[in-house]
Amino acid sequence: MADATPILEIENLSISFFTRRREIPAVMDFSCKVMPGEAMGLVGESGCGKSTVALGVMRDLGRNGRITGGSIRFKGREITRMGERELRALRGREIAMIYQEPMASLNPAMRIGAQLAEVPMIHERIGRDEALARARAIIEDVRLPDPDRILQAWPHQLSGGQQQRIVIAMALMSRPSLLILDEPTTALDVTVEAGIVDLVRDLAERQGTSMLFISHNLGLVLDVCDRLCVMYSGEAVETGGVTEVFSDMRHPYTQALFRSIPLPGADKSARPLVAIPGNLPLPHERPPGCNFGPRCDHFVAGRCDAQGIPMLPAGGAPRHHSRCIRVDEIDWNAPPALAATAEPTPPGEVVIEASDLRKYYQTAPGLFGGGTARIVKANEQIDFSARAGETLAIVGESGCGKSTLAKVLMGLEVASAGTVTLNGEQIQALPVERRGAALIASLQMVFQNPFDTLNPSMAVGAQIIRALEIFRIGSSAGDRHDRMLNLLDLVRLPREFAARKPRQLSGGQKQRVGIARAFAGEAKVVVADEPVSALDVSVQAAVTDLLMEIQRKNRTTLLFISHDLGLVRYLGDRVLVMYLGHVVEIGSTDQVFAPPYHPYTEALLSAVPVADPRVNRKRIVLQGDVPSAMTPPPGCPFQTRCRWKPQVPGDLCESVVPELRRVASGHRVKCHLTDAQLATMEPVIEMAG
Amino acid sequence: MLNFLVRRILTMLATALVLTFMVFWLTNLPPNLEKLAKSEGNARMTDAEVTSWLERNGHAQPLLKRYGEWLGVAPGWTSERGGVVSGRCIPRGASPGDSARFCGVLQGYWGQSTVFKAPVSEIIATRLSLTGILMFWVMVLMVPSALLIGVLAGMREGSKLDRVLSTASIATTATPEYVSGVILIAVFSSSMVGLKWFKGTATSAMEGISFENFFLPVLTIALYGMGYIARMTRASMSEVMTAQYIRTARLKGASFGRVVMRHALRNALIAPFTVIMLQFPWLLNGVVIVETLFNFKGFGWTLVQAAGNNDIQLLLGCSVVAVAVVLVTQAISDLGYVLLNPRIRVP
C-alpha cells in the first residue's frame with residue numbers, strides 16, 4: 001500500500017470565491033490522499049467546504065471560484081494546470097460524480113438510454129448501438145428490473161431510488177478510477193438509502209474504484225468508508241482511518257459532533273446529547289487561529305488564537321492527524337460534562353386523542369382527460385392518544401401520511417372520517433379558519449423549514465407580538481411587548497433580537513423564533529413537523545433540548561414528527577410508526593426499539609446508519625420502493641416488501657388488513673404474525689462489549 | 001392522446017361559434033344596416049323605405065335566424081315582390097326551384113363584398129395568399145435568427161456577447177414598425193442616404209416577389225418580433241444553463257457545444273415555442289401598418305378597406321379567417337408543447 005501511487009493526492013489546496021466586494025475563502029490548506037480501491041469519507045456540516053473540494057477536483061467551480069493555492073494530483077497528473085481538452089477527457093471517464101438530487105441531475109427531455117450511452121460515445125467514440133448495449137448491461141448491474149423498458153423511459157417515470165441508481169450507472173459507464181459521491185442519499189428515504197449504499201459499496205469493490213464520499217452523516221461514512229476526513233469551516237480538522245477516528249477522536253470538533261448526534265442504539269439516560277454552543281462562523285468572519293476556538297471547551301486564549309494551526313500527528317496510528325494544537329494535552333477519554341438531567345415527568349391526563357381517523361383525497365382526472373378520478377388514502381384508521389407532558393414521536397418515510405396527519409390535527413385539512421378529540425372537544429371537522437382564538441392558541445405547530453416560515457420583512461419581535469394578538473393574549477401593547485421579551489428569554493435568544501429581521505438570524509435562531517411563536521399562547525399540544533431536520537447537526541441538539549425543556553416546564557403534549565430514528569429514541573416517550581397511511585406499530589420507546597418488532601419497524605431500524613463502531617447492526621435491505629398511495633397493495637400495506645410474509649399461512653397477507661393487535665401493555669402491532677413468531681425476532685441493534 | 005385531440009377540437013369549434021357570433025352581432029347592429037341600405041339602395045331613402053329595403057333583403061329577421069343563415073344551418077330567406085321571388089340563396093336571374101335551401105359559410109358561400117363588388121371568398125383567397133407569402137418570409141427570417149440570438153445570448157449569461165445581443169433585441173422590440181419602416185425606407189431606398197439598394201414600395205411584389213421589392217417589408221416586421229422572441233429564448237436558455245443536469249452533462253466530459261446542442265437546447269425551446277406560435281395571429285393584424293406603408297394590398301389592407309366602408313360580409317369573412325388562425329395556431333402550440341416536454345406527454 002505504502003509504495004503504491006495514490007489515485008488522488010490533494011496538497012494544501014485553497015479555493016476562494018470572488019464576489020465584487022471581497023474574496024471569500026471556501027477551502028483552506030486542505031490535504032488528503034486517496035489510495036487505489038480506498039473509500040475516503042469527507043464529513044462536515046453545510047458550508048464547511050466539502051462539496052467545494054469535490055468540484056475543485058473536477059475543476060468545475062463556476063465563474064467566481066478559483067483555486068488559489070496548492071495542488072491536486074490525479075494518478076500523478078496535476079489537475080490544477082490542465083487545459084479544457086484534458087479536463088474533458090478526465091471528466092466522466094477517469095473521475096465520475098454522483099449527485100445529491102437525482103431528479104435534478106438527469107436531463108428531463110432525454111431518454112435514460114441516450115443519457116447513459118452518451119458517456120462512452122463521448123469518451124470512447126463507439127457507436128450508438130454498442131453504447132446502448134453497454135448501458136443495458138450497466139442497468140442490470142445496478143439491479144434495476146426490466147432494463148429494456150428503463151432504457152426507453154424518461155427520468156420522471158422513475159422513482160427517486162431508481163433515478164439515483166441511474167445516476168450511479170451513468171457514473172460507472174466508463175469504469176472510472178475515482179468516484180465522487182456528493183451526499184448521494186440525502187434526498188432519499190432510509191430504507192432506499194440502505195439499498196443504494198449496499199450497491200455502491202459492492203460495485204466499487206468489484207471494479208476496484210476509489211471513492212470520495214461526501215456526507216454530513218457520520219453513520220453513513222462509518223458504513224461505507226475506509227478513511228475519513230472531518231472538515232470544519234473550510235479546513236480539514238481531523239483525518240485518519242475510520243476505526244481510529246471513531247474510537248480515538250483527537251479533535252474537539254469531531255468529538256463534539258459525535259456527542260451531539262442521537263444514536264438509535266442508545267437511550268437518553270445512557271448517552272445524553274451534548275449540544276455544541278454557538279454557530280458556524282461565516283466564511284469572512286472566521287476567528288484568528290483555530291476556527292473552532294470560540295465554540296471549543298478546551299480553548300486556551302493566547303495559544304489557540306495566536307497563529308494558524310497546522311495538522312499534527314495524533315493518536316499514535318499512522319496517517320491519523322488532527323488540527324488541534326493541544327492534541328497531546330487534552331484528556332480525550334474524559335466523559336462529557338453533563339448538564340443536570342431533569343427527572344422525567346409523569347404523564348398526566350389524556351389531552352389529544354384520535355380514533356379511527358381517516359383522510360382521503362380525490363385526485364383530479366389526468367391532464368388530457370385520460371384516467372378517472374382516484375381516491376388517495378393518505379391516512380387509514382389512525383388511533384392514538386397522548387397525555388399531558390408526554391412526547392409522542394411519529395415516524396415513517398416520505399409518503400407515509402405523517403404530514404397529512406399533522407394537517408388534519410391542525411385543521412388545515414378536514415378529516416374524512418373518525419374523530420380527533422382535544423380536551424374533550426371534537427375538532428376533526430373544524431377547519432382552522434373556524435377555530436376560536438383559544439383553540440388555535442392551545443394547538444400549535446413548529447414547522448420543518450424555519451427559513452420559509454418567518455415573514456422576511458417583519459422584525460422578529462413584531463412577529464411574536466402578532467401571534468400574541470391573534471391568540472388574544474395580553475391586555476395592552478405594552479403587556480404584549482413584555483410577554484414577547486419573556487418568550488425570547490424562554491427560547492434563549494438575546495432580547496436585542498426583537499428588532500432584527502429574519503435574514504439576520506442563523507437557521508437555529510430562526511427555529512427558536514418559530515418555537516417562541518408556537519408557545520406564545522401556552523399551547524397544550526404542539527405538533528413539531530421535522531423541526532430540526534433542516535438545521536446543521538451541531539445546532540440540532542441545542543434546538544431539540546430547548547424544545548424538550550419548554551415542554552417539561554409547560555407540561556405540553558408534544559407530537560414529534562420525524563424520520564430520524566436516533567432523535568426519536570432520544571426524546572420520545574412513546575413512538576408511533578406509520579407506513580402507507582397506516583399505523584403499523586405503537587408503543588413506548590423501549591417497546592418499539594426492542595423486539596418484537598413490526599417487520600417494517602425492524603427493516604427501518606436496520607437501515608439507519610449508526611455512527612458508533614461498537615454497535616452491531618443486522619442488515620435488512622428492503623426490495624423495491626414504497627408503493628404509491630394511489631394504488632396501495634391489497635391486504636397488509638407492507639406485504640410487498642415484507643421478509644416475514646412466507647411465515648404467514650395462506651394468502652392472509654395479500655387479502656386481509658391485519659388488526660392493530662395488542663402484544664404487550666401499551667404495545668400494539670398491525671401484523672398477522674403470531675405471538676410465537678414475533679417472539680423469535682432478534683434485536684436489530686446491539687452494543688458489542 | 002386521441003381523447004385530448006377530440007376534446008381540443010370540440011372546444012375550438014365552440015370558441016369559434018361564440019367568437020363569430022359576437023362579430024356578427026357587432027357588424028349587424030341597426031345603424032350599420034341602415035348605412036348598408038342607404039349605400040346599396042339610395043342615399044336619400046326615407047326611414048320607411050329603409051325599413052322596407054331591410055325587410056326585402058332579409059335583414060329584419062331575428063338576429064339568431066340571420067346568424068344561422070350566414071352560418072348555413074338555417075334556410076336562406078326568400079321574399080316575393082311583383083311575382084319575382086328573390087332570396088339569399090337565389091342568384092340574380094336564377095329560378096327559385098334550382099337554388100339550394102341553405103347557403104352560408106358552411107356551404108362555402110361567404111357573401112358578396114359591397115366595396116369590391118366580388119364574392120368575399122374570392123377576395124379573401126387572393127388577399128390572404130399575398131399576406132401568407134409575406135408572413136412566410138417573415139417567419140423564415142425572424143424565427144431562426146431570434147432563436148440563434150437568444151441561444152447565443154443565454155448560453156453564457158452576462159458575457160460581452162450576451163450584453164450586445166440583449167441590447168440589440170431590446171432596441172428592435174422597442175421600435176414600432178411605423179418608425180423602423182420609415183427609417184429603413186429612408187436609409188435603403190431614398191436618395192437622402194443614397195444607398196437605394198431596395199425598393200421603398202412592395203406594389204410590384206404582388207405580381208412577383210424579388211429580394212429587391214420584398215426585403216424591406218419583411219425586415220420591418222421581422223425586426224419587431226425578433227427582439228421579443230430572442231428575449232424569451234435568452235431567459236429560458238440562461239435558466240436551463242444553470243440547471244443541475246447541465247452540470248451533469250459537463251462533468252460527463254461533454255464539450256460546451258455538445259452541452260448546448262444536446263442537453264440545453266430542447267429544454268430551452270419549450271417556453272419560446274408558445275411565444276412563436278402566438279406571433280401568427282399577431283402577424284395577421286400587425287401587417288396592417290406595414291402593408292399600408294409599403295402599399296402591399298394583402299389581408300391587412302383588405303381588413304382596413306372593409307371596416308372603413310361598412311362592408312359587412314367582407315368584415316365577417318375576415319373575422320372568420322382571423323378566428324381560425326388564432327385557434328389553429330394555439331392548438332399547434334399546445335400540441336408542440338406536449339411533444340417537446342416528455343413530462344406532460346408520458347405520465
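This briefing covers the sheets, helices and chain contact of a predicted model. Local features need pLDDT of at least 70, side-chain atom pairs count only at pLDDT 80 or more, and totals for chains, interfaces and linings use all residues. Residues are numbered from 1 along each chain as its sequence is written, while chains are lettered from A and ligands numbered from 1 in the order in which they are written. Helices (H or I, at least four residues) and strands (E, at least two) are DSSP runs, numbered from the N terminus.

**Confidence**

- Chain A has a mean pLDDT of 84, and 95% of its residues reach 70 or more. pLDDT is the predictor's confidence in each residue, from 0 to 100.
- The pLDDT is below 50 over residues 366–370 of chain A. Beyond near neighbours in sequence, that stretch has 10 contacts in the model. Two residues are in contact if their C-beta atoms, placed from the backbone, lie within 7 Å.

**The four-stranded sheet**

- Strands E2-E1-E4-E5 of chain A, in that order, form an open sheet with antiparallel pairing. Two strands pair if DSSP finds at least two bridges between them.
- The edges are strand E2 (23–34) and strand E5 (77–78) of chain A, each pairing on one side only.
- Strand E4 (residues 65–74) of chain A is joined to E5(A) by 2 bridges, and the two run antiparallel. Glu78(A) in E5(A) is the bridge partner of Arg73(A).
- Helix H1 (residues 50–57) of chain A lies across strand E1 (8–18), E2 and E4 of chain A. H1(A) runs at about 70° to E2(A). Axes are lines fitted to C-alpha atoms, for helices over the stretch in contact, and angles run from 0 to 180 degrees between N-to-C directions.

**The eight-stranded sheet**

- A second open sheet has 8 strands in the order E6-E7-E8-E3-E9-E10-E12-E11 (chain A), with mixed pairing.
- Its edge strands are strand E6 (95–98) and strand E11 (312–313) of chain A, each of which pairs on one side only.
- Strand E3 (residues 39–43) and strand E9 (residues 227–232) of chain A pair in the parallel sense over 4 bridges. Leu42(A) stands opposite Cys229(A) in E9(A).
- Helix H7 (160–172) of chain A lies across E6 and strand E7 (178–182) of chain A. H7(A) runs at about 175° to E6(A).

- All 5 of the 5 residues of strand E19 (residues 525–529) of chain A are buried, so E19(A) is largely enclosed by the rest of the structure. A residue is buried if 20 or more other C-beta atoms lie within 10 Å of its own, exposed if 12 or fewer, and partly exposed in between; C-beta atoms are placed from the backbone.
- Val525(A), Val527(A) and Asp529(A) point one way from E19(A), and Val526(A) and Ala528(A) the other way. In a regular strand the side chains alternate between the two faces of the sheet.
- E19(A) runs parallel to strand E18 (residues 443–446) of chain A, joined by 4 bridges. Leu443(A) stands opposite Val525(A).
- E19(A) also runs parallel to strand E20 (residues 557–562) of chain A, joined by 5 bridges. Asp529(A) stands opposite Ile561(A) in E20(A).
- E19(A), helix H17 (residues 537–554) of chain A and E20(A) make a right-handed β-α-β unit. Right-handed means that, with the strands pointing away from the viewer, the path from the first strand over the helix to the second runs clockwise.
- Strand E15 (residues 391–395) of chain A has 5 of its 5 residues buried, so E15(A) is largely enclosed by the rest of the structure. Thr391(A), Ala393(A) and Val395(A) lie on one side, with Leu392(A) and Ile394(A) on the other.
- E15(A) runs parallel to E20(A) over 5 bridges, with Ala393(A) opposite Phe560(A).
- E15(A) also pairs in the parallel sense with strand E21 (residues 574–579) of chain A, over 4 bridges. Here Ile394(A) stands opposite Leu576(A).

- 28 residues of chain A are in contact with 22 residues of chain B.
- Helix H2 (84–90), helix H3 (102–105) and helix H4 (112–123) of chain A each supply at least two residues of the chain A side. H4(A) gives the most, with 4 residues.
- That side of chain A has 13 nonpolar, 9 polar and 6 charged residues. Ala, Val, Leu, Ile, Met, Phe, Trp, Tyr, Cys and Pro count as nonpolar, Asp, Glu, Lys and Arg as charged, and the others, Gly among them, as polar.
- H4(A) is mostly covered, with 11 of its 12 residues buried. Its buried residues pack against helix H5 (128–141), helix H6 (147–152) and H7 of chain A.
- Arg125(A) follows H4(A) and has a positive phi, near 55°.
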